[in-house]
Amino acid sequence: MREHLFGKTLKELNDLSVKLGLPSFTGRQLAEWLYKKEVSSFEEMTNLSLKARALLKENYETGIMSPTDVQVSVDGTKKYLFPALEGKFIETAYIPDGKRHTVCVSSQVGCKMGCLFCMTGKQGFQGDLSSGEILNQYRSIPEWRSITNLVYMGMGEPLDNLEEVLKSLEVLTSDWGFALSPRRITVSTIGITPAMLEFLNRSNAHLAVSLHTPFEEERRKLMPVQQVYPLKEVLKEIKSWDFGRQRRVSFEYILFKDFNDSASHVNELSRILQGIRCRINLIRFHPIPDTPLESPDELTINAFKDKLIAKGITTTIRASRGQDIWAACGLLSTKKLADK
Ligand code: SF4
């Protein structure tokens, strides 16, 4: 298979143009075609010489690929499937909500992290996505021109694929790339401390940390990462990081019935998050096969939110979207595999 151009930085496009003996401005022309225009083949890149197009075609593929399947929810959410390694699939969710149109991209095929509540984790790890494969999930859905927000919250742990994720962020936010504001982009992590610091240093996108319980012992049961990168270290780094006025840190908190939904959890959350200007996003749990975890009822969820707000923590409950199309991360691709 020939190497893909989509997802490469301007510098990489310049370097490969020079290597092919093409004029130095070809790199910038390629970036224009790949990231600003609606073309998917070299033939369509009409300001390149015929020789340049032939050379590029001989050595590269554009790497712009359409999804192979889409499921549409009654609430307008769509779940796209893109083919990935060895007959596996990755999922991309498109979530329209008034003026806000969000795309949720995957960063890996499967995941190594083994979180107890996660269908992708149950698939195991098959491989990292390249920057181009990450960006293609944004660029190749029909709604891409209307996207206002991008979240790295699909399959995989983005910071376990740090270099490709950072590269994709560079393409998204550079003026030669998609020129999106980093304030429109959120990268989620379960808290891999060294990679998180790299990300904070080398990007301006928002950070979302999966918290799920303030108690370290409990968190260990949910998320094996806790044993290697304890929450208190993650929070220590966040507390000492200067996020400035524009950059946001938020905490994701999936509520599990009789596990992490008590008043003592509220109190401890308030204690450990003291000094961090942040928001907590409460997430309803949608049960997956083979897990004892359940979601609390709506009353409990709302009461939990109110108690956090009373403690002075900005808290929202994330709307459940696309339940009728298995929109929870990892479910659809697992089903697709089972159907094969
Ligand atoms: S929750 Fe995220 S990090 Fe944990 S197993 Fe699932 S995809 Fe991986």
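Among contacts in the protein between residues at least 6 apart in sequence, 68% join residues at least 24 apart; two residues count as being in contact if their C-beta atoms, placed from the backbone, lie within 7 Å. The model is a predicted one, in which local features need pLDDT of at least 70 and side-chain atom pairs count only at pLDDT 80 or more, while totals for chains, interfaces and linings use all residues. Residues are numbered from 1 along each chain as its sequence is written.

The overall picture comes next. The protein holds 13 helices and 14 strands, where helices (H or I, at least four residues) and strands (E, at least two) are DSSP runs numbered from the N terminus. Its radius of gyration is 21 Å, close to the 20 Å that the globule rule gives for 340 residues, so the protein is as compact as a globular protein of that length. This radius is taken over C-alpha atoms, and the globule rule is 2.2 Å times the number of residues to the power 0.38. Along the principal axes, the C-alpha trace spans about 70 × 45 × 40 Å. Of the 340 residues, 42% are buried; a residue is buried if 20 or more other C-beta atoms lie within 10 Å of its own, exposed if 12 or fewer, and partly exposed in between, with C-beta atoms placed from the backbone.

Two helix pairs can now be visited. Two packed helices are described by the angle between their axes and the distance between the axes. The axes of helix H1 (residues 10–19) and H2 come within 7 Å and cross at roughly 130 degrees; axes are lines fitted to C-alpha atoms, for helices over the stretch in contact, and angles run from 0 to 180 degrees between N-to-C directions. H1 and H2 are therefore oblique to each other, given that angles under 35 degrees count as roughly parallel, over 145 as roughly antiparallel, 65 to 115 as roughly perpendicular and the rest as oblique. The crossing of H1 and H2 is right-handed (left-handed if the near helix is turned anticlockwise from the far one by less than a right angle, right-handed if clockwise). On the H1 side, Leu10, Leu13, Asn14 and Ser17 meet Thr26, Gly27, Arg28, Leu30 and Ala31 of H2. By class, this contact has four nonpolar, four polar and one charged residues; Ala, Val, Leu, Ile, Met, Phe, Trp, Tyr, Cys and Pro count as nonpolar, Asp, Glu, Lys and Arg as charged, and the others, Gly among them, as polar.

Gln29 also lies in helix H2 (residues 26–35). Gln29 is partly exposed, with 17 other C-beta atoms within 10 Å, and touches Asn47 and Leu48, not counting residues up to four places away in sequence. Between the C-alpha atoms of Gln29 and Leu10, 19 residues apart along the chain, the separation is 9.7 Å.

The second pair is helix H5 (residues 131–139) and helix H6 (residues 162–173), which pack at an angle of about 50 degrees with their axes 8 Å apart. That angle makes H5 oblique to H6, and their crossing is right-handed. Ser131, Ile134 and Leu135 of H5 make the contact with Glu164, Val165, Lys167, Ser168 and Val171 of H6. These residues divide into four nonpolar, two polar and two charged.

Two loop residues complete the tour. His212, in the loop between strand E11 (206–210) and helix H8 (216–222), has a phi near 70 degrees, a positive value in a residue other than glycine. His212 is buried, with 25 other C-beta atoms within 10 Å. Asp258, although not a glycine, has a positive phi of about 55 degrees, and is found in the loop between strand E12 (249–255) and helix H11 (263–272). Asp258 is exposed, with 10 other C-beta atoms within 10 Å.
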